Structure formats: structure tokens, C-alpha cells
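This report describes one protein model in plain terms. Please look through the sequence and the structure before reading on.

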Amino acid sequence: MSNALEQSFVGQLKENQNIIHKICRLYTQDDDAHNDLFQEITIQLWKAFPKFRGDSKFSTWAYRVALNTAITLYRKSTKTVNTIEFETGKHFVLQEEYNYEEEEHLKLLYQAVQQLNDIEKALVFMYLEDKDYTEISETLGISEVNARVKMNRIKGKLKKIINP
């Protein structure tokens, strides 16, 4: 790959790594699993980056790749995942420390969201990220109307989980 492509990828990854951290938080239970998923998502983004045409924002594309990677890995957690070598030292992408204390007030919500199925988790995540239904539907591959209906049902489900 060209140096320009590598630099573009590294820059985009730095700008959007919090998206990846939040998805990892949503689909994992501990720091080791979080770090493993973060690394796997980064690898999948790197592998797919040459095919990124820029038809959507990088963040929208990264959401899709990251969510698909998380859902695939954790649905089939017994399956071994093949990875490729990524020379992190060469690109100087420093993984920022993810401060769990800052999100302590969201702990109850995260616990409730953990009880949802994979697609519901993805929808809630994007909703909480203030994504509009157009972007949510694009990313998840469902209609806007379906996204709205699912989100309303999920809200009710979460209320029942949090306030039984």
C-alpha cells in the first residue's frame, strides 16, 4: 500500500478511535476482551480500507465495519479468527486510555444494553451517538422506518430492564 494511503488510514483511525472503543465497551465484559476486539476491528478496518470509496463519511463506514466485526466475533466466540500482521510501531497509533470512571453514571444503562441482542445493541449505540435514522439505517442495512420502530421497542424493553 502507498504511504499516502497508510497516512490517510492512520489519521482517520486516530480521529475515530473513540467509536471503536465505545463499540468494544458495548460488546465486551473486561479490559482484555476490549483490547482484543479493538485490535481486531483495527485490523479489519485496515484490510478493508483500500476498498473505502468515500461514498459515506469514514465514521459511518467505520461504524459498519466495527459493528460487523464485533457481532461476528461475539456470535461465534468459539471460532478462531485469522488475523494479519499490523506494524503498530511503524504507524505510531497510540491507543488512548479508555477512562471507565468517566462513564460510571452509564453503568446501569450499559448493563441493561448488555441484555439486548446484537442488532439491538448496535441500534442503541448509534442512537446514543446522536446518529440520525438515515445514518443508522444506512449503517445497519435496514429501512429508516424499521430503525424507528425497532428503537421505540428497544426503549420500552430497556425501561422494563432498568425499572422492573
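How many salt bridges does a search of the whole structure find? The search finds 5 salt bridges. The model is a predicted one, and every value below is computed from it.

**Overall build**

The protein has 8 helices and 0 strands. Read from the N terminus, its elements run α-α-α-α-α-α-α-α. Of the 164 residues in the protein, 41% are buried. Among contacts with a separation of 6 or more, 72% are between residues 24 or more positions apart. The protein exposes about 10,000 Å², and carbon and sulfur atoms supply 48% of that area.

**Salt bridges**

| Salt bridge | Closest N and O atoms |
|---|---|
| Lysine 22 and glutamate 129 | 3.0 Å |
| Glutamate 135 and lysine 57 | 3.9 Å |
| Arginine 148 and glutamate 144 | 3.8 Å |

Lysine 22 forms a salt bridge with glutamate 129. This pair links distant parts of the chain, since lysine 22 is in helix α1 (residues 3-27) and glutamate 129 is in the loop between α6 and α7, 107 residues apart. Lysine 22 counts as partly exposed because its relative accessibility is 24%. Glutamate 129, at 23% relative accessibility, is also partly exposed.

Glutamate 135 forms a salt bridge with lysine 57. Here too the pair links distant parts of the chain: glutamate 135 lies in helix α7 and lysine 57 in the loop between α2 and α3, 78 residues apart. Glutamate 135 has 11% relative accessibility, so this residue counts as buried. The buried residues of α7 are Tyr133, Glu135, Ile136, Ser137 and Thr139.

Arginine 148 forms a salt bridge with glutamate 144. Both residues are in helix α8 (residues 144-162), and because they are 4 residues apart, about one helical turn separates them. An α-helix has 3.6 residues a turn, so residues three or four places apart point the same way. Arginine 148 is partly exposed, with a relative accessible area of 42%, and glutamate 144 is partly exposed at 33% relative accessibility.

**A buried tyrosine**

Which residues is tyrosine 63 in contact with, leaving aside its neighbours within four places in sequence? They are Ile19, Ile23, Phe125, Met126, Glu129, Lys131, Glu135 and Thr139. Two of the salt-bridge residues, glutamate 129 and glutamate 135, are therefore included among these contacts of tyrosine 63. Tyrosine 63 is found in helix α3 (residues 58-75) and counts as buried because its relative accessibility is 1%.

**Backbone and surface**

Aspartate 130 is in the loop between α6 (118-128) and α7 (133-140). Its phi is near 60°, a positive value in a residue other than glycine. Most residues other than glycine have a negative phi. At 71% relative accessibility, aspartate 130 counts as exposed.

A negative surface patch is formed by Asp30, Asp31, Asp32 and Asp36. One of these, aspartate 31, lies in helix α2 (residues 31-48) and is partly exposed at 46% relative accessibility.

Key. Residues are numbered from 1 along each chain as its sequence is written. This is a predicted model: local features need pLDDT of at least 70, side-chain atom pairs count only at pLDDT 80 or more; totals for chains, interfaces and linings use all residues. Side-chain values use heavy atoms; hydrogens and water are left out. Patches are made of residues with over 30% relative accessible area and no salt bridge: like charges are joined within 9 Å, nonpolar side chains (Val, Leu, Ile, Met, Phe, Trp, Tyr) within 5 Å. Accessible areas come from the Shrake-Rupley method with a 1.4 Å probe; for residues, only the protein chains shown count as cover. A salt bridge is a side-chain nitrogen of Lys or Arg within 4 Å of a carboxyl oxygen of Asp or Glu. Lys and Arg count as positive and Asp and Glu as negative; His and the chain ends are not counted. The place of a charge is taken as NZ of Lys, CZ of Arg, CG of Asp or CD of Glu. Helices (H or I, at least four residues) and strands (E, at least two) are DSSP runs, numbered from the N terminus. Buried means under 20% relative accessible area, exposed over 50%, partly exposed in between (1.4 Å probe, protein chains only). Contact means heavy atoms within 4.5 Å.
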